[in-house]
Amino acid sequence: MREAVERALRREGFSVSSFGDYVEPGTIIGEAPDLAVLDVMLPGGDGVELARRLRARRDLPIVFLTARDAIEDRIAGFTAGADDYVVKPFALEELLARVRAVLRRAGRLSTPLEAGDIVVDEQGGIAMRAGRDLAVTPTELRLLAFFVRHRGLVLSKHQLLTQVWGYDAYDPNVVEVHVSALRRKLGRDGASVLETVRGLGYRLTGR
């Protein structure tokens with residue numbers, strides 16, 4: 001189920017970090033998420049307690065997934081800080097709609113991403129540089145958005161494959177082809193804006 005949710009979110013243009021069991025709040029916060037989707041019953045810990053600890057440290061929107069549909073379970077979830085509560089089984093379309101609604105209420109959905117003169121509007125499906133439409137494909141849009149979110153950081157090919165494509169296998173050619181395409185669309189200085197850090201990966205300078 002976790003993998004299905006992860007794939008669905010990525011198809012909608014979201015960058016996703018996922019964990020198979022209970023992790024400390026600092027691990028989640030370290031990913032700088034806009035929203036957390038938590039299962040109430042986590043291997044190694046309690047999802048409700050994790051939500052409580054997360055909200056104590058950061059105003060992070062939370063959507064619960066759970067097989068527990070009793071009213072007292074829902075109350076416990078909302079009391080812990082949940083913004084929505086989705087009961088299993090559920091349709092992925094419903095979950096996506098609820099995620100968008102929570103992000104919209106939190107004011108985290110419609111703001112375009114910016115790095116220098118690069119603007120990425122994920123919801124609108126548009127990327128621009130200095131006011132010029134870059135005419136990117138959906139995959140290029142997700143890739144550029146991920147670079148903009150992590151401007152100045154070196155991102156390995158494996159990180160990009162995992163976060164943008166959702167691949168576990170290491171296929172550097174996929175990344176190289178799309179980075180080359182983005183550089184061409186960014187303009188003559190594309191290689192310096194989206195630079196190669198030899199032996200490590202790529203970095204968006206946003207110059």
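This note comments on the fold and the nonpolar cores of the structure above.

1. The model is predicted, so local features require pLDDT of at least 70 and side-chain atom pairs pLDDT 80 or more, while totals for chains, interfaces and linings use all residues. Residues are numbered from 1 along each chain as its sequence is written, and side-chain values use heavy atoms, without hydrogens and water.

2. Of the 207 residues, 43% are buried, that is, under 20% relative accessible area with a 1.4 Å probe, protein chains only. In general, nonpolar side chains in soluble globular proteins tend to be buried together.

3. The largest nonpolar core has 28 residues, among which Val 120, Phe 147 and Leu 160 touch the most other members. Such a core is a set of buried Ala, Val, Leu, Ile, Met, Phe, Trp, Tyr and Cys residues joined through side-chain atoms within 4.5 Å. Elements that each supply at least two residues include strand E7 (118-121), helix H6 (138-149) and helix H7 (157-165). Helix H6 gives the largest share, seven residues.

4. Leaving aside residues up to four places away in sequence, Phe 147 touches Leu 155, Leu 160, Val 179, Leu 194, Tyr 202 and Leu 204; contact means heavy atoms within 4.5 Å.

5. A second, separate core of 18 residues includes Ala 36, Leu 42, Ala 51 and Ala 82.

Terms used: Buried < 20%, exposed > 50% of the residue type's maximum accessible area, 1.4 Å probe, protein only. Helix = DSSP H or I, 4+ residues; strand = E, 2+ residues; numbered from the N terminus.
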